[in-house]
Amino acid sequence: MAIIHLTQDGFDKATANGISMVDFWASWCGPCKMLAPVMEDLAGKYEGKALVGKVNVDDEPGLAMRFGVMSIPTVVFLKDGKEFDRKVGVMPASAYTSVLDANI
Amino acid sequence: MYDVAVIGGGPAGLSAAIQVRARGKSVLVVSGDDRDNPLYKTERIDNYLGFYDITGAAMMEQFRAHALRMGVERKEGRVLNIMPMNDTFYLSIGSDMEQARAVVLATGVVRSAKYPGEGEHLGAGVSYCATCDGMLYRGKEVAVVGLAADAPAEANWLKEIGCKVTYVGPKEPNGLRPDIPAVKAGKVEVLGGQKVEGLRAGSATIPCEGVFILRPSMAPAELLPGLELEGNYIKVDRNMATNLPGVFAAGDCTGLPLQVSKAVGEGQVAGHRAAEYLDHSK
């Protein structure tokens with residue numbers, strides 16, 4: 001499954017059930033570009049187990065504000081629509097998989 | 001994708017880079033502002049073989065011209081992170097990303113000490129990248145702690161995109177917009193609970209939601225998590241190899257003496273071994 005680009009309108013519905021991992025990013029951010037292939041890879045690996053989504057903070061300032069994103073990339077983890085963890089800055093894939101694996 | 005990425009454009013980095021080129025491989029040197037380079041600021045050097053009574057700036061010019069003639073590519077900017085993934089190193093440089101198969105760290109001496117409150121608020125108001133996070137602070141009060149020569153330019157950019165900027169630095173800022181208030185202070189402290197609420201700069205307190213701390217380069221351990229250090233320096237063996245496969249280090253960042261000859265010699269070994277590493281890993 002490819003990564004899902006989330007917008008203000010579809011966000012709540014898309015993340016309402018189960019585990020979601022959402023990457024807040026922007027095109028003017030080098031570290032975000034570095035994280036992109038990691039997220040693509042995880043979207044494939046966790047297909048059917050978790051939703052892997054992206055939010056472009058440039059296009060969706062409302063979502064960035066709602067989640068209090070102050071530095072990008074920020075990866076927010078949600079369970080049934082509620083945030084339970086987040087990782088700020090680029091980290092190796094294992095930092096994200098450990099959170100996913102512990103909650104699936 | 002480059003064969004080798006060299007972080008730092010001083011004597012160690014350029015020496016490593018020409019060595020990589022001599023072995024027929026591609027190399028990118030990522031380097032910050034010249035004004036942050038200690039050699040550039042040195043008035044006279046008498047202990048480098050073949051160059052009696054030369055200024056640091058003139059020596060750097062010769063080194064750089066040599067590297068360019070050998071096909072070394074150069075990019076100006078500050079490397080924020082390096083991440084290894086599947087035999088490739090991903091480097092983020094401001095708003096850009098580059099890839100290489102091996103890395104030579106030649107960052108010079110980087111003080112790794114943080115300011116009080118800095119680490120706790122990283123990602124919660126403290127940022128090292130104005131280009132990355134500036135947009136998230138439009139219309140808000142931010143402070144720029146300027147330690148790198150390009151910090152005034154970054155502060156100007158934040159102002160232009162709509163942040164309310166106060167500049168803080170140990171020296172008079174060169175090239176700062178006149179409508180940005182500047183506070184001269186060497187000691188700062190990031191204030192706030194969960195989020196940044198202000199910055200103490202000397203005896204002044206600046207209320208702000210964001211603090212951009214702009215150093216000439218990132219501390220090695222933050223650049224590359226898991227990198228082994230020895231005190232303030234990067235731990236290397238005789239091949240200038242670090243504890244991480246494919247990562248080499250040379251020059252002032254590996255320890256004393258902080259001299260050009262030593263940096264050039266170490267760069268030579270690091271560049272050579274990095275090229276050799278690529279031949280073996282094919």
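A helix crossing is called left-handed if the near helix is turned anticlockwise from the far one by less than a right angle, and right-handed if clockwise. That term returns below, in chain B.

This is a predicted model, in which local features need pLDDT of at least 70 and side-chain atom pairs count only at pLDDT 80 or more, while totals for chains, interfaces and linings use all residues. Residues are numbered from 1 along each chain as its sequence is written, and chains are lettered from A and ligands numbered from 1 in the order in which they are written.

## The two chains

Start with chain A. It has 4 helices and 5 strands. Here helices (H or I, at least four residues) and strands (E, at least two) are DSSP runs, numbered from the N terminus. Along the sequence, the elements of chain A come in the pattern β-α-β-α-β-α-β-β-α. Chain B has 7 helices and 17 strands.

Next comes the radius of gyration. It is taken over C-alpha atoms, and the globule rule is 2.2 Å times the number of residues to the power 0.38. Chain B has a radius of gyration of 19 Å, close to the 19 Å of the rule for 282 residues, so chain B is as compact as a globular protein of that length. For the 104 residues of chain A, a compact globule would have a radius near 13 Å; the 12 Å of chain A agrees.

The table sets out further values for each chain. A residue is buried if 20 or more other C-beta atoms lie within 10 Å of its own, exposed if 12 or fewer, and partly exposed in between; C-beta atoms are placed from the backbone. Two residues are in contact if their C-beta atoms, placed from the backbone, lie within 7 Å.

| Item | Chain and value |
|---|---|
| C-alpha extent along principal axes | Chain A: roughly 30 × 30 × 25 Å |
| C-alpha extent along principal axes | Chain B: about 55 × 45 × 35 Å |
| Buried residues | Chain A: 41% of 104 residues |
| Buried residues | Chain B: 48% of 282 residues |
| Contacts between residues at least 6 apart in sequence that join residues at least 24 apart | Chain A: 72% |
| Contacts between residues at least 6 apart in sequence that join residues at least 24 apart | Chain B: 58% |

## Where the chains meet

In the interface, 20 residues of chain B are in contact with 19 residues of chain A. On the chain B side, β4 (79-85), β5 (88-93), β6 (96-105) and α4 (130-133) each supply at least two residues. β4(B) gives the most, with 4 residues. By class, this side of chain B has 10 nonpolar, 8 polar and 2 charged residues. Ala, Val, Leu, Ile, Met, Phe, Trp, Tyr, Cys and Pro count as nonpolar, Asp, Glu, Lys and Arg as charged, and the others, Gly among them, as polar.

## Domains of chain B

Domain bounds come from an automatic or database domain assignment. For chain B it gives domain 1 (2-110 + 218-281) and domain 2 (119-214). Their C-alpha centres lie 29 Å apart. 8 residues of domain 1 are in contact with 7 residues of domain 2. The domain 1 side of that contact has 2 nonpolar, 3 polar and 3 charged residues.

## A helix pair in chain B

Helix α1 (residues 11-22) packs against helix α7 (residues 260-281) in chain B, at an angle of about 35° and with axes 7 Å apart. Axes are lines fitted to C-alpha atoms, for helices over the stretch in contact, and angles run from 0 to 180 degrees between N-to-C directions. The crossing of α1(B) and α7(B) is right-handed. Residues making the contact include B:S15 and B:Q19 of α1(B) and B:Q268 of α7(B). The contact holds 11 nonpolar, 7 polar and 1 charged residues.

Look at B:Q268. Leaving aside neighbours within four places in sequence, B:Q268 is in contact with B:S15 and B:Q19. B:Q268 counts as partly exposed, with 18 C-beta neighbours inside 10 Å.

Now take B:G24, in the loop between α1 and β2 (27-31) of chain B. B:G24 is exposed, with 9 other C-beta atoms within 10 Å. B:G24 and B:A275 are 251 residues apart along the chain, yet their C-alpha atoms are separated by 8.7 Å.

## Backbone exceptions

Most residues other than glycine have a negative phi, and most peptide bonds are trans. Some spots here depart from that pattern. A cis peptide bond joins A:I72 and A:P73, with omega about 0°. A:P73 lies in the loop between α3 (61-66) and β4 (74-79) of chain A. In chain B, the bond from B:L256 to B:P257 is cis, with omega near -10°.

A:D80 is not a glycine, but has a positive phi of about 50°. A:D80 counts as exposed, with 11 C-beta neighbours inside 10 Å. B:D87, not a glycine either, has a positive phi of about 65°. B:D87 lies in the loop between β4 and β5 of chain B.
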